[in-house]
Number of protein chains: 2
Amino acid sequence: MTESKPKLTIVKIGGNVIDNPIALKAFLADFAALKGYKILVHGGGKIATKTAEGLGITAVFHEGRRITDKPMLDVAVMTYAGLINKDITAQLQALNNNAMGFTGADGNLILSEKRKNAAVYFGFVGDVLAVNADLLKVLVEQNVVPAFCAITHDGKGQLLNTNADTIASTVAVACSKYFDVRLMYCFEKKGVLMDSENEESVIKSLTFDAYKTLREQGIIHSGMLPKLENCFNAINQGVTQIGIGSPEMLKGESVYTLVTV
Amino acid sequence: MTESKPKLTIVKIGGNVIDNPIALKAFLADFAALKGYKILVHGGGKIATKTAEGLGITAVFHEGRRITDKPMLDVAVMTYAGLINKDITAQLQALNNNAMGFTGADGNLILSEKRKNAAVYFGFVGDVLAVNADLLKVLVEQNVVPAFCAITHDGKGQLLNTNADTIASTVAVACSKYFDVRLMYCFEKKGVLMDSENEESVIKSLTFDAYKTLREQGIIHSGMLPKLENCFNAINQGVTQIGIGSPEMLKGESVYTLVTV
């Protein structure tokens, strides 16, 4: 029999909520009301692009793909780790959650490596190598609520822009060593849809077998495929359950897709 | 007999070092080499002004005094809590110091209140009310190296610009509950000088009685008075010793002024 672990909820919120101060405030109130140990991971939003434009920094493209060059990384650090992360931290404090805003450099919580691919230049983009779950455990047991932005570091002094979905899933997997982890991905839809045109066609429960069938039938396709592959990888590595849905799912008043074994 | 407390070194570094990447790198190497528990407090430097200029934000003055209005506070948060604080954190990580970059909002580590004075408008400037020494104790005992920028919060969701010297002394006083605290103020001179024109005339040791005499004689004057009043207040509230000097004092290779009871 497996020893019972304490529960930990990890919530990932996307840039579309960050961009809307009223939606962000409502989301933070719902997040703050969640009981028990928890971690927040937030995306960036449009403020980085706006700040870069204001500073006269132009987006650099390489073979059609936008890349994170040094000036753009600095803007990401300023806006994600500075403005957004500290605003979220201060707002959560006002809601009696003892939030601490983090990049992966802080406490070496998320170590990454600069993405390398002979064929493609990405710039200062990092792929996660390791999560310091031991220190996260100490923090959450002090009732600290870690709030991560999507900046990590390489351990050699370099900060790196990193995908927030990946941060959420790798933190979830690492923390499943000590906790019974529930991961909630909040995005702009109510969940994984049977019919992408019908917002009400949410698949309420999705096992890996059901996913394979729906994928073969072409019902689940496009951008949802990597998102769900990521989810099932996390489930296979110890995360107990994953919810995909709108921020409303935090209140338990909305349908959402529950991804399970 | 008083129980022996573990030693804690708190170092405050000013904006002049932050502005010089080579000097900053050298300073961080010296700081990283310090043994035992430690905390860093850093000032801002000119990058906030440069960023504000770049964004077309003009400094606002009120009765001749520059004030921190909302756009300028946002720039301070972006540059101090974002760019500078996370660069310092990543650099310290590369030097095998498990740094965590903080504002006062993080973990409610430094609670402040917006400065009020019927006669003067200051904008978003905070005076420290309380330091969460209990959580700092947990962190440093995990060998975390807290690195504070000079941004605090009011507990109601508002971030506030705060004097870095004051942050260093209030953190030092609060931590003296648990630690034998040594505070080191690094600035552009080698110490408190007998003759402000002679950089070699450093007063090596300064007790409160000696300070009072030198003040009466007009040898210590101007900006050094509030700095030293601040130091003696900290000493009277439990800080064991305070050093004032150039960043070289971290290496123990430079003279500096030692402020004691």
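**Exercise 1.** State how many residues of domain 1 of chain A are in contact with how many residues of domain 2 of chain A, and say which elements supply the domain 1 side.

*Solution.* In this predicted model, 19 residues of domain 1 of chain A are in contact with 17 residues of domain 2 of chain A, where contact requires that the C-beta atoms of two residues, placed from the backbone, lie within 7 Å. Next, strand E1 (7-13), helix H2 (21-33), helix H6 (164-175) and strand E11 (180-186) of chain A each give at least two residues to that side of domain 1; helices (H or I, at least four residues) and strands (E, at least two) are DSSP runs, numbered from the N terminus. The largest share, seven residues, belongs to E11(A). Finally, this side of domain 1 divides into 13 nonpolar, two polar and four charged residues, with Ala, Val, Leu, Ile, Met, Phe, Trp, Tyr, Cys and Pro counted as nonpolar, Asp, Glu, Lys and Arg as charged, and the others, Gly among them, as polar.

**Exercise 2.** Describe the side of chain A that touches chain B, by element and by class.

*Solution.* The contact takes 35 residues from chain A and 35 residues from chain B. On the chain A side, helix H4 (70-94), strand E5 (98-102), helix H5 (133-141) and strand E9 (151-153) each supply at least two residues, and the largest share, 13 residues, comes from H4(A). By class, there are 14 nonpolar, 17 polar and four charged residues on this side.

*Conventions.* Residues are numbered from 1 along each chain as its sequence is written, while chains are lettered from A and ligands numbered from 1 in the order in which they are written. Local features need pLDDT of at least 70 and side-chain atom pairs count only at pLDDT 80 or more, whereas totals for chains, interfaces and linings use all residues.
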